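Notebook open, structure loaded. I want to look up how the pieces pack together.

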Amino acid sequence: MNYFRNIWEAISSIAQGMAVTLRQFFTKPETVQYPEVDVLNPRMPGYSGHLKPVSERFRGFLTVDTTVCISCNQCAHVCPVDCILVESEKGPKTTVNSLRPDGKESPKTRYPVQFDIHLGRCMYCGLCTEVCPTGCIHFTREFRGAAGEYHKLIHHFISPEEAERVRKLAAEEAAKPKPEKPVATKVEAEKE
Amino acid sequence: MSPLQTDIWTLNMGPQHPSTHGVIRFVLKTDGEIIADADPDVGFLHRGLEKIAELVPYPSFMPYTDRLDYLAAINMNWAWALSIERLAGIEVPPRAEHLRVITAELNRIASHLISVGALASDMGAFTPFVHALRDRERINDLFEELCGARLTFNYCRIGGVSLDAPPGWFDRVRGFLDYYEPMIDVFNRLITDNKIFVERLRRVAPVSAEMAIAYGLVGPNLRGSGVKFDLRKDEPYGIYPQLEFEVPVGRGYRDGVLGSCFDRYMVRIEELRQSIRIIRQCLDRIPEGEIQAKVPKVLRPAKGEVYCRTEAPRGEVGFYVISNGEKTPARVKIRTGSWSAMSIIRELSKGWMIADLVAIIGSLDVIAPEVDR
Amino acid sequence: MKELLDQLIALAVEKVPLLGQAPDWVFYLLWMLVAGAALLVYASLIAGITSWVERRIAGRMQARIGPNRVGPRGFFQWIADGLKSLFKEDVTPANADKPLFRLAPYLVFTGMFGAWAVLPYSARLYAADLNVGILYVMAITSLVVIGILMGGWASGNKWGLFGALRSSAQIVSYEVPAGLAIATAVALSGSLSLQEMVRAQAGPLGILGWNIFKSPFALVAFFVYFIAAVAEGNRTPFDLPEAESELVAGYNTEYSGMRFVFFFFAEWANLFLIGAVSTTLFLGGWQGPLANPDTWWGVMIGAGWFFLKACFFVFVLIWIRWTLPRLRVDQLMAMCWKYLVPIAFVCLIGTMLWMSVFGDRAFFGLVAVGP
């Protein structure tokens, strides 16, 4: 009797499984046709399934707003893979507002002259964005970043000219006996 | 009458082999199709995580724990966070505890989906694997909304979690559970009930309870042998003591042998249902409040040591941490489930066929990064 | 076809008297070459398109789309793949047995393609009608196992040899139930010629005379034959010779480029072949509503029926492949010798008894057929 039970079980279970695949065959595929469908667009035109576009909190490439950066170096310290390099010069004292919704003020005395992020090393863990007091280092939703050469993965956020300008400013500042407010506003104006 | 003698072949299986689940290598000695010896050769994915842990500050090691088992990153995050919290005596706010349980159980579902799907694909049925991935994709979407990553979440923090749930997230989790719960039955109809699949597994490579304990098997592999041991019940952490759930154990499903590959598989399928049950309870009772305890910016736990173990999808994951009072640990030892599962394969595969070895590896749910660390 | 050919020859000789000098065999040789070329084109088209169809169907069964980049809905994907393989480096392993390694794919291909010559595409549409047609099909498809064994052995790869050994054990065993099931069909039709077998399945509506409706035993024999044919064709759930998750790729582990394509060409051509032979033996071949063998449009409709039925089998084979897991090698043998062979025997004897009771009555003995 086991013999016939085996045959029956085999036939019925195979039929069950085939019913499942047949039903899937007649349902719509779930695939997002990626390059055609804009996954950064919240509505994802051209796609009608249930999959979601790239979310608001998506951890894509890091970017830095160097005007808000106060060169505290906390991001470089917390980075587990040492992919952030910040060098700064002492400059005129000002304050900056945080990019986070709370907009908290922080004093700024140091100006970054070099801010490099090695995206080839970065593991997108987000620890740097959490410790940043001003929110100047934050994630973008951009994820397309194939580079032909390895060194192109190192993103330089401060141009050599800008670095030169800050250095000059810092030298002037060092030469001066006492910093004055107008210098700071001038710096802000130039940055605008 | 003596059986027909054939030459013993030495056969190299892996590290590039479709069913070794990552870079694992076996040196097989086979007599025809029958395995005389399977010598596991590990270390292809060794990254020196224990040494790295000594070099980076406590919070900065968190993203490395993602890579410890990339299929269950949050369970690994949690284990590390819990170890350091015990070491430094940090209280975690209740909302963070609930978020941890919800995400960890979602992650358990995702990990078990890969596990059962990969076993089916090892058995030659590729469609169940894709169907499992189809459902896992929804979990990945939920995680992406919550913490911005789809695989290496880095979500837990020492003393809490990194981000609160975005508006409407809990409803979407509920929606997923409502969608997924019936899908387990569909998946069962597709592959679990399949006669060929059952016959391939139900009597293959049974592990007795004594043998499982002797080899230090943990998690679903241990429970598959009929040992009712689950750290969430037996050594509770987090808010698990307040939650109701059962611990499924192997019991010779489908007239099979206790502790066979099919038992281990069925334990995982049953755990999917239990995880859903746990998440539903947490969603119903999650309190408002802080998600992060007050933790000093530079964490220097007092001198001492701790061994803290938690129940990850691949069984017990434990961190043994020694602190010197510095901002980096003095020594970290990681204990993972796949390692002990790997050690039993040699003993287990003797006398079975090459096709069964694939089933054994698949049912033990060995993944390479956990073995090599 | 011979009458048509003789008419053509007569016409050619009349128009160009010089041709009258040529001996008859020249014309026959030419005819064979033309027919062979036409069949090859037909088989290639079917095999190529089947490869695309299989991937599309597999995609949809797995909630994916499948290839959709080359041409409309990816239809030209098979041409792109073929071209790609053509341009690939043709690697022969250093410790391979080189002549055998090169020969093997052609043997597999020949074994599969040879059977296409006798398929009854329609009442008067066929390349050859052998009076032992079904025996010829069984014999020539057995060539495949030699090719696979040769390829697996000559690769100098242990995984390849495993695949080859499994394949030979499997194909040799499954010839037995397949042969017994075919014998059932032969007993019902009273002929070994494929054309005659189809003609014997004529009946009301073109459907009720089919062999599977002749007796319940024939219905079971049909399933036995189908399972055995799937196993002989190395398709899932019997794809042990190339079991991807166990043997890397089995007998074709070391093959690349064009030789690899030959193996796969044979596999996909075989899908249609399984469908065509099953149709011929049990589902009435080109028999169907309006398929009248005496008028040219009836013949064309018959060809349509034959193609449709064979395509249905191709779909079922793909459907099975993307649903089921694979058997283990000992279970494969157990299934053959413990289940299929006894059942096939019972079917054969049962059918004979049934025929002695009900004679030629069709549809399970309910409908009287013929004069």
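First, a term I need: the domain bounds I use come from an automatic or database domain assignment. Also to keep in mind: this is a predicted model.

Entry, domains. I looked up chain C and found it divided into domain 1 (1–87) and domain 2 (91–369). I then checked their C-alpha centres, which lie 21 Å apart. For the contact, I get 19 residues from domain 1 of chain C and 25 residues from domain 2 of chain C.

Entry, buried area. Domain 1 and domain 2 of chain C bury about 2000 Å² between them, and 79% of that is on carbon and sulfur atoms.

For polar contacts across the interface of the two domains of chain C, the rule gives me three residue pairs, both residues at pLDDT 80 or more.

Entry, helices. On the side of domain 1 of chain C that touches domain 2 of chain C, α2 (24–61) and α3 (77–87) of chain C each supply at least two residues. α2(C) gives the most to that side, with 15 residues.

Entry, cores. I turned to the largest nonpolar core and found 154 residues in it. Those with the most contacts inside it are A:Ile84, A:Phe115, B:Trp80, B:Leu106, B:Tyr265 and B:Phe319. I noted a second, separate core of 97 residues, which includes C:Leu194, C:Ala229, C:Leu273 and C:Val341.

Note on methods. Residues are numbered from 1 along each chain as its sequence is written. Chains are lettered from A and ligands numbered from 1 in the order in which they are written. This is a predicted model: local features need pLDDT of at least 70, side-chain atom pairs count only at pLDDT 80 or more; totals for chains, interfaces and linings use all residues. Side-chain values use heavy atoms; hydrogens and water are left out. A nonpolar core is a set of buried Ala, Val, Leu, Ile, Met, Phe, Trp, Tyr and Cys residues joined through side-chain atoms within 4.5 Å. Buried means under 20% relative accessible area, exposed over 50%, partly exposed in between (1.4 Å probe, protein chains only). Contact means heavy atoms within 4.5 Å. Buried area is the accessible area (1.4 Å probe) that two parts lose on being put together, summed over both. A polar contact is a pair of N or O atoms within 3.5 Å; within protein, one must be able to donate a hydrogen and the other to accept it, and residues adjacent in sequence count only if both atoms are side-chain atoms. Helices (H or I, at least four residues) and strands (E, at least two) are DSSP runs, numbered from the N terminus.
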